[in-house]
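Please read it alongside the model.

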Amino acid sequence: MIKEQLETRSGSKCELCSSTEDLVVHDLRPAIPAALESTVLICSSCSEAVAQPGSNPNHWHCLRESIWSEHDAVKVLAYRILSALGDHALAQDLLGQIYLDPEVEAWANARTGPAEESTLKVVDSNGTQLAEGDTVTLIKDLEVKGANFTAKRGTTVKNITLTDDPKYVEGKVNGIRIVLVAAYLKKA
């Protein structure tokens with residue numbers, strides 16, 4: 001339901017780069033139930049880049065438009081990405097242009113701190129803690145519902161994304177972003 005509302009709000013485009021491919025919901029407040037005001041619709045490319053903003057700073061030229069969004073969640077996400085880029089010229093230029101109301105700026109600066117991150121402990125089948133961006137291997141065949149294929153044992157899944165539930169992670173298998181059960185994975 002949130003995704004449908006976000007698609008309506010954004011015109012079925014990534015709210016950061018305007019791509020129409022592989023759109024996913026990005027929740028800025030994963031500790032509370034998702035709401036339209038705290039979520040952003042982004043493409044899988046932006047989703048992967050959000051996990052490691054500094055890995056491809058040129059991708060973020062699209063934020064020249066996003067920082068002017070009428071939706072606070074979009075501006076907060078853009079601000080957080082630009083802040084993560086540090087001294088990069090693009091980040092400094094856009095951070096100088098962006099305007100956030102004081103409450104929105106407080107939200108943007110209230111990132112998930114180390115104490116909150118440590119409470120969400122996602123472990124693989126061997127009890128090894130998994131982190132955002134890790135590479136994992138499937139330890140059993142998994143039938144992917146709705147995609148008509150089976151992810152085979154031994155398949156490597158790179159650059160996983162943690163979810164708000166420690167039992168699950170997200171990753172791309174056969175070009176499709178799916179949710180995987182952490183207990184059926186082994187850190188590579």
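1. C17 is partly exposed, with a relative accessibility of 26%; the class lies between buried, under 20% relative accessible area, and exposed, over 50% (1.4 Å probe, protein chains only). C43, in contrast, is buried, at a relative accessible area of 2%.

2. Zero disulfides are found in a search of the whole structure, a disulfide being a pair of cysteine sulfur atoms within 2.5 Å. For C17 the nearest cysteine sulfur is that of C43, 3.6 Å away, and C17 is in no disulfide. C43 is likewise in no disulfide, its nearest cysteine sulfur being that of C17.

3. The model is predicted: local features need pLDDT of at least 70, side-chain atom pairs count only at pLDDT 80 or more, and totals for chains, interfaces and linings use all residues. Residues are numbered from 1 along each chain as its sequence is written, and side-chain values use heavy atoms, with hydrogens and water left out.

4. An open antiparallel sheet is formed by three strands in the order 9-10-11; strands pair if DSSP finds at least two bridges between them. Strand 9 (161–162) and strand 11 (176–181) each have a single partner strand, so one side of each lacks a neighbour in the sheet. Strand 10 (residues 168–173) pairs with strand 11 over six bridges, and G171 stands opposite I178 in strand 11.

5. Helix 2 (residues 44–51) has S44, C46, S47, A49 and V50 as its buried residues. Their cover includes strand 1 (23–27), strand 2 (39–43), helix 4 (72–84), strand 10 and strand 11. Helices (H or I, at least four residues) and strands (E, at least two) are DSSP runs, numbered from the N terminus.

Technical notes
Contact = heavy atoms within 4.5 Å.
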